[in-house]
Every structure is written in structure tokens, then in C-alpha cells.
Amino acid sequence: NFTCLMTRWMNFRRKTLTAFFSALMSAVFAGPAFSARDSWEVLLKDIPVRITTADAGLNMSFYVLKQTHEPVLRTDDGENYYSKILSRWGRDLTSRNFILCPDTSLEFAPGKKFTIDLFLTQISSATKGFFPDSTITSDGSCVRVGFSKPMHRYLDFLTLYEHAPTIRKDDLMEIGLGEYLPISVQPETIVLRRKHEVASGYNSITIHKYTGPNDPNLDNRGISDFNRMQISTIPEWVKREYAYMDSPTLQTVVLIVNHPDKEIRKIVYNCMDVDSLRRAFYPTWKEFGDVQNVLPVGVPGAVPGKPTQHCDKAMRKTLSKPLVLINFGVNNDKQMAAFMADFKRRTGLGISVQRLKDTDIQRTLYQSPRKYDLAIVAMGAMRPDHTAFFDYLVREDGYYDFKLKELGKLYARLQLEGDTVERNVLGVKMAEMVATDHVLLPLLQVNR
């Protein structure tokens, strides 16, 4: 089961390799075709437009990275750490000094070894970007990382897939130390192949993009995994032949309000009826999980129920041009247009709903200046941790063209705080601050 969500703390830039290396890697992966019976077939609502650790904070990208990459450390039970790519690692009793020794017998691909130099470069970039005062050295076989004060959360930092060792194959794909190689990334399919084939097990993974209620893959008996689909979209033959249940995830869907005028944000927050908006955005869904703030139930600070909204006749305003909402939903254009027409009638605010191509999603969401005022996005985590739900609210390549300075200060404290109780207190404060500033409207907690 590779259905997981991931948190994200920071972004870092990796050194890219030469065009010659890219061409060489393309030749390396031009292997023989594999049998369809040997493939695990998956249907996803959205598929990534590229495979890169820089996108590890995005739900579907993380889904793929879990197959292609391996983090420096793992903590599958949330408590005990271990590594599949280090031959040795440790820390002192003060959690100020750490030693990390890469297993240099590992390869990204045939002839492309996991070297101490590559590990030093990438771990230095990741660590220095987040902990500028750290000291990082190498003795040729191990990397030593030192801090001026205890850094208990550094081990958690090393479990993030953003910091997993990676090399570049081409403009669309990076290769990690995971069990699978990326073979191709297309608009409607992603193909991965196991590096070392096994006699019992799947030697390839094919990920198909769900294109709507008429998607022929809904009748494809070769599809093995519908787990990432909303239960209302799963075909009846799957429900008949398999046991299933609808369960909550650590994921919320929110309306991002990227507008510097707090009065505009307040109108959007209070007058966009939560139930009507989510039914317009997800017209085929039958039920929704309510949540009052950005945190899903299961994360300390979450509050069940819908957010409190007070929309009155005084909340009216007109702008010289409509707000722009980018729409990534499936087959919902008619419903969204009707919802926005009613919203304008009640508030005076016009909203232009614009649909983008899948290839434009990454550029539109995160590149400044952003071309939207409103966007419905999902936020999620693989474990009950607050950082995933605030990261993209404060980072430069997040969702906003204006800075949430006070939220950013609390977030910086949250990342370094090792005490669980204090982290929960900070998480609650941040959720309250997000609601007060009306920078996003919680719509639902995702159930699958």
C-alpha cells in the first residue's frame, strides 16, 4: 500500500547534471518491455506532471516518490528510526552532533552509485537551508552534522522525502534509491519499473489519470488499486467484489484566498457557503467530512463541524475586475459557474472561474506573481503533524503573494520545537490566526 500523505518543511535546489548524463540515463532505461500481468495498475484523480523531490509536499507526487526514492531515515511506527541507505548513523546524548554514513554499495541506476560526495552535497544543502548555523564535515566515508544547541527534530527532518538522495534523469524525472525507476511521465500515465525484478510481486507500476465518470478505466479489470479515489467514484464491480470502508484521512481541502485586502478576504470567508461550494466543486460526491479549521480531525487543534460564517447585507463590495479562481475539479464547470453567479448576486464580487491544463498547475500555484486570487487545494500529512498544514502558507513558493509575517514567526518556532505539548499549543495558535486573517476557508476533511 503506497497511499500516504507527506509533510513538507522547505524547498532546496539540487545540482543538476549535464545534458550528456541525461542522454546516458535515457539509454540506461531503454530496457525490454514487461508483461502487463506483471504490473500493478493504479487509478488516481490527479497524477504529477513530473517526478522530483521538490514536489514531495504534494499528495500525488509523494505517492510516486514513495516508490522511486528512499529517505535518509525512516520511522514507520512514528517512534523508532532506521535507515535503508545508511550503513551506520547515530547521535550523541545531547542531540547536538549526528553522524551519517551512506551505504556506497547502493546505486541509483546501473553505473550511477550513491557516493559520499553526492550525499555530502545534498545533505549540506538541505541542512544549511533550514539550520544555517549548523556545521557539516566529511571524513570521506561519513558526514558529521553539528548544532550549537540540541536539535531533537533533526531526525524527523531526515525522514522527509524532500531530502531523499536524488539525481536527475531528464526535465520530467529524478531517480532515487527506491525500488522503482521512473520510465515515463505522460499527461495521463506514469510508468515505473522495479530495479531488480522479483519472481513473486509486481515488477512495474502503471498509474492512470482519472478523467471523469466516463473514464474507460472504471471498467478496466486490470486496475488493482482504487484506494485513492473518492468512494462515490469507485465503480460498482469493485464494491461488489471487494470489502471496502469509507475512512477519514489526515487531509483537508481548503479554499485559498490570495488577496491582500483583508476586507475582501472576510467577504469570501463568510459569504461563500461551505456546503454549496464543495458540492459545486465535487458534484459527484454524496457525503463530506466537516472540519472547522485547516487541521483535520486527528491532528491536535482540529475542531469538528463547519467553520462559523456570518454573511450579512453589509458585506458587499465591487472591484474593477473579477477575482480569479483556478479550477482543477473534474466535470464541474457548470456547477462552479452557477455558484459564482449566485455569490456575485449576494456580495457584488465577480469571480472568473478559469480552468488550467494539468501542465500549468505547478507553475500557476507556486510561481510569483500568482495568476489567481482563489484556489481549492488539498493539504495533508502522513502522520498527525502540524507543519504540513502551514508550510505552504508561509513559504516563498507557497500560495500567497503577500506575507503572513506573524504566522511565519510561529511556524519557525514550530519547526524547531521538540516538546509535543508546546508544539500542540503552537499548532492551535496558528490555526486560530489563519481563521482570523481569513486567508483560507476550510471546506472538508477527505474521506476515502
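Residue K128 is partly exposed, with a relative accessible area of 36%; on this scale, buried means under 20%, exposed means over 50% and partly exposed lies in between, for a 1.4 Å probe and protein chains only. K128 is located in helix α3 (residues 116-130). Apart from neighbours within four places in sequence, K128 is in contact with S134, T135 and I136, where contact denotes heavy atoms within 4.5 Å.

The model is predicted, so that local features need pLDDT of at least 70 and side-chain atom pairs count only at pLDDT 80 or more, while totals for chains, interfaces and linings use all residues. Residues are numbered from 1 along each chain as its sequence is written, and side-chain values use heavy atoms, with hydrogens and water left out.

The protein contains twelve helices and 17 strands; these are DSSP runs numbered from the N terminus, helices being H or I with at least four residues and strands being E with at least two. Of the 448 residues in the protein, 53% are buried. Among contacts between residues at least 6 apart in sequence, 70% join residues at least 24 apart. Helix α2 (residues 59-68) is mostly covered, with ten of its ten residues buried; among them are N59, F62, K66 and T68.

The interior was examined next. A nonpolar core is a set of buried Ala, Val, Leu, Ile, Met, Phe, Trp, Tyr and Cys residues joined through side-chain atoms within 4.5 Å. The largest such core has 35 residues, and those with the most contacts inside it are I256, F390, L393 and Y399. Two or more residues of this core come from each of β13 (248-257), α9 (361-366), β16 (374-380), α10 (391-394), α11 (405-416) and α12 (420-437). When residues up to four places away in sequence are not counted, I256 touches several residues, including L374, V377, M379, L393, Y399 and L440. A second, separate core of 31 residues includes V274, A280, M315 and L444.

Helix packing was then considered. Two packed helices are described by the angle between their axes and the distance between the axes. Axes are lines fitted to C-alpha atoms, for helices over the stretch in contact, and angles run from 0 to 180 degrees between N-to-C directions. Angles under 35 degrees count as roughly parallel, over 145 as roughly antiparallel, 65 to 115 as roughly perpendicular and the rest as oblique.

Helices α11 and α12 pack at about 160°, with their axes 10 Å apart, and are therefore roughly antiparallel to each other. The contact involves residues including L407, L410 and L414 of α11 and L426, M430 and M433 of α12. The residues of this contact divide into eight nonpolar, one polar and five charged; Ala, Val, Leu, Ile, Met, Phe, Trp, Tyr, Cys and Pro count as nonpolar, Asp, Glu, Lys and Arg as charged, and the others, Gly among them, as polar.

Helix α8 (residues 333-347) takes part in a contact with helix α6 (residues 262-271), the axes coming within 12 Å and crossing at roughly 120°. That angle makes α6 oblique to α8. Here I267, V268 and C271 of α6 meet F343, R346 and T347 of α8, giving four nonpolar, one polar and one charged residues.

Helix α7 (residues 274-281) also packs with α8, at an angle of about 155° and with the axes 7 Å apart; α7 and α8 are therefore roughly antiparallel to each other. In this contact, S276, L277, A280 and F281 of α7 meet Q335, M336, F339 and M340 of α8. Six of the residues are nonpolar, two are polar and none is charged.
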